[in-house]
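Hi,

Here is the structure I promised to pass on.

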Amino acid sequence: MAIVITLDVVMAKRKIRSRELAAIVGITQANLSLMKNGKIKGIKLDTVDRLCKALDCQPGDLFRYEDEPSP
């Protein structure tokens with residue numbers, strides 16, 4: 001996938017644990033783990049909004065675009 005989720009990096013910089021962030025954002029730890037590992041196909045903008053508020057960051061801090069090599 002060309003979109004890379006950098007949630008784990010932002011969490012490490014903010015020194016916040018998964019359990020704490022999941023509780024603040026209102027999602028399960030399992031779903032947060034899937035996000036951190038890039039195993040999701042989509043994310044609601046409401047969830048991005050809550051993550052940004054909880055982590056005091058911008059959406060661009062959570063996602064990065066990497067061009068995929070041509071086959």
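Asp49 and Lys53 make a salt bridge, with their closest N and O atoms 3.4 Å apart. Keep in mind while you read that this is a predicted model. Both residues belong to helix α4, where they sit 4 residues apart, about one turn of the helix. Asp49 is partly exposed at 35% relative accessible area, while Lys53 comes out as exposed at 63%.

The search of the whole structure gave 3 salt bridges. Another of them pairs Asp46 with Arg50, and here the closest N and O atoms are 3.2 Å apart. These two are also 4 residues apart in α4, so about one helical turn lies between them. Asp46 has a relative accessible area of 46%, which makes it partly exposed, and Arg50 is partly exposed too, at 28%.

Then there is Arg64 with Glu66, whose closest N and O atoms are 2.6 Å apart. Arg64 counts as partly exposed at 39% relative accessibility, and so does Glu66 at 38%.

Now for the inside. The largest nonpolar core has 18 residues, and those touching the most other members are Leu7, Met11, Leu21, Leu32, Leu51, Leu55 and Leu62. Helices α1 (7–14), α2 (18–25), α3 (29–36) and α4 (45–55) are the elements that each give two or more residues to this core. The top contributor is α4, with 4 residues. As general background, nonpolar side chains in soluble globular proteins tend to be buried together.

Setting aside neighbours within four places in sequence, Leu32 is in contact with Leu7, Met11, Ser18, Leu21, Ala22, Ile27 and Leu51.

Which residues of α1 are buried? They are Leu7, Val10 and Met11. These three lie on the same side of α1, because the arc they cover around the axis is only 100 degrees. The face turned away from that buried side carries the exposed residues Ala12 and Lys13. The cover over the buried residues of α1 includes β1 (3–5), α2, α3, α4 and α5.

Most residues other than glycine have a negative phi. Lys15 is in the loop between α1 and α2, and at 75% relative accessibility it counts as exposed.

Asp56 is another non-glycine residue with a positive phi, about 50 degrees in this case. You will find Asp56 in the loop between α4 and α5 (59–62). With a relative accessible area of 65%, Asp56 is exposed.

One more spot to look at is Gln29, which is in helix α3. Is Gln29 buried, partly exposed or exposed? It is partly exposed, because its relative accessible area is 41% and that falls between the cut-offs of 20% and 50%. Not counting residues up to four places away in sequence, Gln29 touches Ser18, Arg19 and Ala22. Gln29 and Ser18 are 11 residues apart along the chain, and their C-alpha atoms are separated by 6.5 Å.

Cheers

Conventions. Residues are numbered from 1 along each chain as its sequence is written. This is a predicted model: local features need pLDDT of at least 70, side-chain atom pairs count only at pLDDT 80 or more; totals for chains, interfaces and linings use all residues. Side-chain values use heavy atoms; hydrogens and water are left out. A nonpolar core is a set of buried Ala, Val, Leu, Ile, Met, Phe, Trp, Tyr and Cys residues joined through side-chain atoms within 4.5 Å. Buried means under 20% relative accessible area, exposed over 50%, partly exposed in between (1.4 Å probe, protein chains only). Contact means heavy atoms within 4.5 Å. The arc is that of the directions from the helix axis to the C-beta atoms. A salt bridge is a side-chain nitrogen of Lys or Arg within 4 Å of a carboxyl oxygen of Asp or Glu.
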